Amino acid sequence: MAAQDVRKKRLDRSINVRSTGLYALNSYREMAYLLAPRLLLIVGLLALPLFLDHYWQRVFCTAGVFAILALSFDFLAEYVGLVCLGGALFIGFGGYGAGLLNSEFGLPPWASIPLAAVIGACVSTVVIMPCLRLRGIYFAIITFMLPLFARNVIVALGLFGSTEGITGLDTLPNIWVEQYVILIGVLIVLFALRRFVSEDVGLIMMGIKDNDQAVLAAGISIFRYRVLAVFIAALIGCFAGAYLSHLYGWLGLSLFAMDFSILPIAATVMGGMGTLVGPVIGALMLSPLSEALRGMGQLRVVLYCFILLIFILYKPEGLMNFLERKYHQFERVEKV
Amino acid sequence: MESVIVYGAINSITFALTAIGFSLVYGVSRVPNFAHGAIYVLVGFITWSLVNDLNLNYGLSIIISLAIASLIGLGIYQFVLIRLRGMPTSEIIASFAVSLIILEGLRLQGVGGFKGFIGPNYVLKPFFDGKIEISGVFVDYQRLIVVGAGVALAAILWLFTHYTKMGLSLRAIAQDEQAALMLGINSDRAGMTAMAIGSALAGLAAVIILPLGNITAEAGYHVLIYALAVCIIGGLGSWAGTILASFLVGFAMKFSTFMFGAVWESVVLIGTIILVLLIRPSGLLGKQKELEERV
C-alpha cells in the first residue's frame, strides 16, 4: 500500500473525555487516571535521592537548580511572552545576596536563602524594569547582555571579592537536607506556577503574550503585570541562586556564567515549552548528561546546543507534549 | 584629548563595521542572527589556519574564508532558520545555539587530535606595518585601513541597497513582505542572500579588525554584544541609526576610558542602552511604530 493511502488518526481516549470536569470524581478509575501521572512525578522525584550514591546526589542538587531555572524561563517565555536569555542574572543576584547575607551579617542558610530570594528578586526586577517596555527579540537581547554586564560591574568596582569571590560560606547540614530543600522547592514552584497561570492573573498574562493591544484596550496596565511576572520569575530564579551559593559554600563570578542561561533553555525546549512539567524533566535529563561529560570540557556546551537545535528543529513540541498526547489519545492508521 | 577624538573615531568605525552585517540581516529577514559574533571569530581562525597551516597567500586565504563565511551563513538560513520563520523565540534560541556550537566548538580540546584555538598564538599579520602621526597622535596603518574600509563599506552598501535590483528587493522585503511577495520577490531567497552577505560582512570585519590584536573565541561574545548594543541604540533595522549609534557608543566608551579608566567601558555601554531605551524604546532612529514596540 502506498504511503499516501493511509493516514494516522488520533482520538481522545474515552477515559480522558470522562475525566474532564467534575464528573471525574464519580469513580476511582477516573480519579486514578488524573492522579497517576502527577503522583508518579512527585513520588518518583521524592524517592530518587534514595537510589543515588553521594556523587550523583550532588549532581541531583544542581539538576534541581537547573529545573527551577527552566521553570522560571518557561513561565516568562510561554505565559507572559518575555523571552529571557539571562537566567544567569537571577542566579547571580540570588547567589551574591545569600552569600553576602551569610558572610557579612552571619545569617544562617535557612534565613539567608529566602531573604536573598526576595532581595535578589527586587534587584533583578528593578534592573530589568527599563527593558520591560520592549518585547520579543529586543527583550531577549538585553537580558542576554545583563549578566555579562553585572559581571563587568562587579569587576570594575571591585565589589564582593571581585574576581576572587568569597569562600567559606555556611553549607546546609547534610546532603539529605540539601537534596530535599531543592526538591521540595522544585515541586512547590512547579505546582504553584501551574495553579498561578490558570488564575485570573495568569490569564491576563497569557492575554498580554497573545495580544497586548487587546489587553491594553481593556484598560489593564500591561507594564504592571509584566513587572509582577518578572518579579515572580526572578524570585524563583534567585531562590535557586541563593541555594546554589550555599550548596557550593562559595560565591564568585561564575554564578553569572552562561551555563545558567543556556541549559535551562535547552531543558525547556527539550521538555516541551509551555508545559511547566516538561522543563523539569528536561533539566533532570540534561544536567546529569552534562555532568557525565564534565571531563570533556567545552564538548558538553556543544553537545547540549546540538540537542537544543535538534529538538527545536525536528521535535518542537518537546517530550512532554508528546507523552501527554500518548497518554490522552490513541492513534490508529486509517485507510483514506 | 586628541587621542580620545582620533581613537574614538576609529573605535566608532570598528563598531559600525561589526554591527552592519547584523543590521543588514535583521533589517531584511527580521531574523536576529545571534551567530554573528561566532562567524566573525570563525573567519579569523579559518584565515589564520589557511595562512599558517596551509601556507596560502594572505589575500587568497582571506577571500577563501569570506567565501566559507557566506556559505556558513547560507547554511544557517537554509537548514535552521528557514524552518523557524515567524517564531521569534525559536529563531533567537536556535541562532544562539548555532553561535554557541561554533564558539565553544573552536575551544574543543582533544577531540580527534584537535588542539582547540586557545592561547595567545593566534595573530593575523597587519596588512602594512608602520605608523603615521595625526595631529600629535600615532596611529598604525591597520587602524587607518579599518577607517577606510568602514567608510567604503557603508558607501557600497548604501549604493547596493538603493541602486541595484537585488538590494532594492531586499529593502522591499524589509518594508512590506506581503507586497513584496505579490511583486514576485522570493522572500526566502532574499533572506538567504541577506544572511550570506551579512556573514561575509562579519567575516570582512574580522579580517580587517583582528590584526589589531590576537584572536580568541571569547571575542565572539563581545562582538555579538557590541553589534547588538549598537543596533538596539540605533534602532534595529535602521542603517543610519546603526552608524549614528556606533559613533555615540564608540566615543562614549573611549571618553569614559580616558576619564575614569578602562573598567568602566562596559558600564557606560549598558548605561547608554538603558538611557536610550527609556527615552526612545525603538532606538534613536528606529522606524517601528512606537506603540507596537513599547508596550
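In which hand, left or right, does H3(B) cross H8(B)? In this predicted model, H3(B) passes H8(B) in a right-handed crossing, that is, with the near helix turned clockwise from the far one by less than a right angle. Residues are numbered from 1 along each chain as its sequence is written, while chains are lettered from A and ligands numbered from 1 in the order in which they are written. As the model is predicted, local features need pLDDT of at least 70 and side-chain atom pairs count only at pLDDT 80 or more, whereas totals for chains, interfaces and linings use all residues.

Now for the geometry of that helix pair. H3(B) (residues 58-80) and H8(B) (residues 187-209) pack at an angle of about 145°, their axes 7 Å apart; axes are lines fitted to C-alpha atoms over the stretch in contact, and angles run from 0 to 180 degrees between N-to-C directions. Helices here are DSSP runs (H or I, at least four residues), as are strands (E, at least two), numbered from the N terminus. Among the residues making the contact are Ala69(B) and Gly73(B) of H3(B), along with Ala196(B) and Gly203(B) of H8(B). Residues count as in contact if their C-beta atoms, placed from the backbone, lie within 7 Å. The contact divides into 14 nonpolar, 8 polar and no charged residues; Gly counts as polar in this scheme.

Chain B as a whole has 12 helices and 2 strands, and 49% of its 295 residues are buried, meaning 20 or more other C-beta atoms within 10 Å of their own. Of its contacts between residues at least 6 apart in sequence, 71% join residues at least 24 apart.

Moving on to the interface, 38 residues of chain A meet 36 residues of chain B. On the chain A side, H6(A) gives the largest share, 13 residues, and the make-up is 32 nonpolar, 4 polar and 2 charged. Leu308(A) is in contact with Ile93(B) and Ala97(B), and also with residues of chain A including Ala266(A). Both Leu308(A) and Ala266(A), together with Leu71(A), have the most contacts inside the largest nonpolar core, which has 200 residues (buried Ala, Val, Leu, Ile, Met, Phe, Trp, Tyr and Cys joined through C-beta atoms within 7 Å).

As for confidence, the model scores ipTM 0.75 and pTM 0.82. Mean pLDDT (the predictor's confidence in each residue, from 0 to 100) is 78 for chain B. Within chain B, H3(B) is highest at 86 and H12(B) (residues 290-294) lowest at a mean of 43. Where pLDDT is low, the predicted coordinates should not be read in detail.

Terms used. Two residues are in contact if their C-beta atoms, placed from the backbone, lie within 7 Å. A residue is buried if 20 or more other C-beta atoms lie within 10 Å of its own, exposed if 12 or fewer, and partly exposed in between; C-beta atoms are placed from the backbone. Lists of a residue's contacts leave out its neighbours within four places in sequence.
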